[in-house]
Amino acid sequence: MQHIRATVSGEFERVNRLIIDQLQSDVPMVENVGHYIVDAGGKRLRPLLALLTGAALGGCRDEHITFAAVIEFIHTATLLHDDVVDVSELRRGRPTANATFGNAPSVLVGDFLYTRAFQLMVELRDMNILRYMADTTNTIAEGEVLQLVRAGNADTSEQDYLDIITRKTAVLFAAACHGAAVLGATDPARSERMATFGLHLGLAFQMVDDMLDYEGDAATMGKNVGDDLSEGKLTLPLIHVLRCGNSDEQALVRRAITGKTAADIAGIVAAIGRCGAADYTRERAREHHDLALAALAGLPPGPALDALHALTRLSLERDH
């Protein structure tokens, strides 16, 4: 990631400074919670995508810096709300904001970050981007509700799963790339191709993330292994076990999902291994990885395009 960020290191630092500046509020709790989650770090993958897209299409302008901050604020708001809904206690290796400050402050500061993002978007003076991002944020909210409705449902299909992760994760990846392309004054067809790139990258990223929930370790991932089970989330590795596992393995997964418990995590990890569920998940992720790379065809060669290729490969090869 450091090598990839180096391509737009100056712009990346400007985004970080803008984020800190825009967290200012005369309500101390807003700044306290906002800084707590922003200072936790993370990959800053979505704003990085916006900057790399801008750089690949002629160079980053001031508008790209603002837009990258918008993307990060929207993403951070979803994290605050997610952790409250999921009753999560650990993110990025430390207690979540809701575990530290409480649920109400986390929800309300999440609202602040959403509205701050739209204040920044108004400064861009581009109605097409404002409309696209409004639709994107609405889709993310629908995805949150859809995931909540599906929690504890062991009959969730692979298509249902794909719909959820498209709404919850992939659309913001797509928006980061699409908006940056629009700001670069590229032609509409290329903007759509960049959106396609971001969408498939986001799908690959989330599929690998869901696999790591059963293959990784808490120290590396910064969250507890098996959290998806405790939240009743039927992700792709478990869907494959329900499709290909024996009757005992299927019953084990069903009990865990409907009961929202990780008590049988060792047995479920063993079932995932025996059924080849991790390999299946990686294969599906690779399909989207390949589609993402195909969407980059025709972009001008250079360091930014190389970084986009490297970031796409990293979506499959990462361990956290």
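## Asp83 and its surroundings

Setting aside residues up to four places away in sequence, Asp83 touches Ser88, Arg91, Thr96 and Asn98, where contact means heavy atoms within 4.5 Å. Asp83 is found in helix H5, residues 62–85. Helices here are DSSP runs of H or I with at least four residues, strands are runs of E with at least two, and both are numbered from the N terminus. Asp83 is buried, at a relative accessible area of 3%. As for the cut-offs, buried means under 20% relative accessible area, exposed means over 50%, and partly exposed is in between, using a 1.4 Å probe and protein chains only.

A word on the model: it is predicted, so local features need pLDDT of at least 70 and side-chain atom pairs count only at pLDDT 80 or more, while totals for chains, interfaces and linings use all residues. Residues are numbered from 1 along each chain as its sequence is written, and side-chain values use heavy atoms, with hydrogens and water left out.

## The chain as a whole

Now for the wider view. The chain has 17 helices and two strands. A compact globule of 320 residues would have a radius of gyration near 20 Å, and the chain agrees with that at 19 Å. That radius is taken over C-alpha atoms, and the globule rule is 2.2 Å times the number of residues to the power 0.38. Along the principal axes, the C-alpha atoms fill a box of roughly 55 × 50 × 30 Å.

Of the 320 residues in the chain, 53% are buried. Among contacts with a separation of 6 or more, 76% come from residues 24 or more positions apart.

The chain carries 30 positive and 43 negative charges, and their mean positions are 2 Å apart. In that tally Lys and Arg are positive and Asp and Glu negative, with His and the chain ends not counted. Each charge is placed at NZ of Lys, CZ of Arg, CG of Asp or CD of Glu.

## Salt bridges

Side chains of opposite charge can pair when their charged atoms come close. A salt bridge here is a side-chain nitrogen of Lys or Arg within 4 Å of a carboxyl oxygen of Asp or Glu, and the count by this rule comes to 16. One of them joins Glu142 and Arg167, at 3.0 Å from N to O. The pair links distant parts of the chain, with Glu142 in helix H8 (residues 127–150) and Arg167 in helix H9 (residues 158–183), 25 residues apart. Glu142 is partly exposed at 39% relative accessible area, and Arg167 is partly exposed too, at 23%.

Asp155 and Arg254 also meet in a salt bridge, again with 3.0 Å between N and O. Asp155 sits in the loop between H8 and H9 and Arg254 in helix H14 (residues 247–259), so this pair ties together parts 99 residues apart in sequence. Asp155 is exposed at 55% relative accessibility, whereas Arg254 is partly exposed at 36%.

Then there's Arg243 with Glu158, whose closest N and O atoms are 3.0 Å apart. Arg243 belongs to helix H13 (residues 236–244) and Glu158 to helix H9, so parts 85 residues apart in sequence are tied together. Salt bridges that share partners join Glu158, Arg243, Arg284 and Glu287 into one network. Within it, Arg243 is partly exposed at 42%, while Glu158 counts as buried at 15%.

## Two positive phi values

Arg125 isn't a glycine, yet its phi is positive, near 55°. Arg125 is found in the loop between helix H7 (103–124) and H8, and is exposed, with a relative accessible area of 78%.

Lys260 is another non-glycine with a positive phi, about 50°. Its place is in the loop between H14 and helix H15 (265–275), and at 43% relative accessibility Lys260 counts as partly exposed.

## Val107 on helix H7

Last stop: Val107, which lies in helix H7 and is partly exposed at 30% relative accessibility. Leaving aside neighbours within four places in sequence, Val107 is in contact with His81 and Val84. The C-alpha atoms of Val107 and Leu79 are separated by 9.9 Å, with the two residues 28 apart along the chain.
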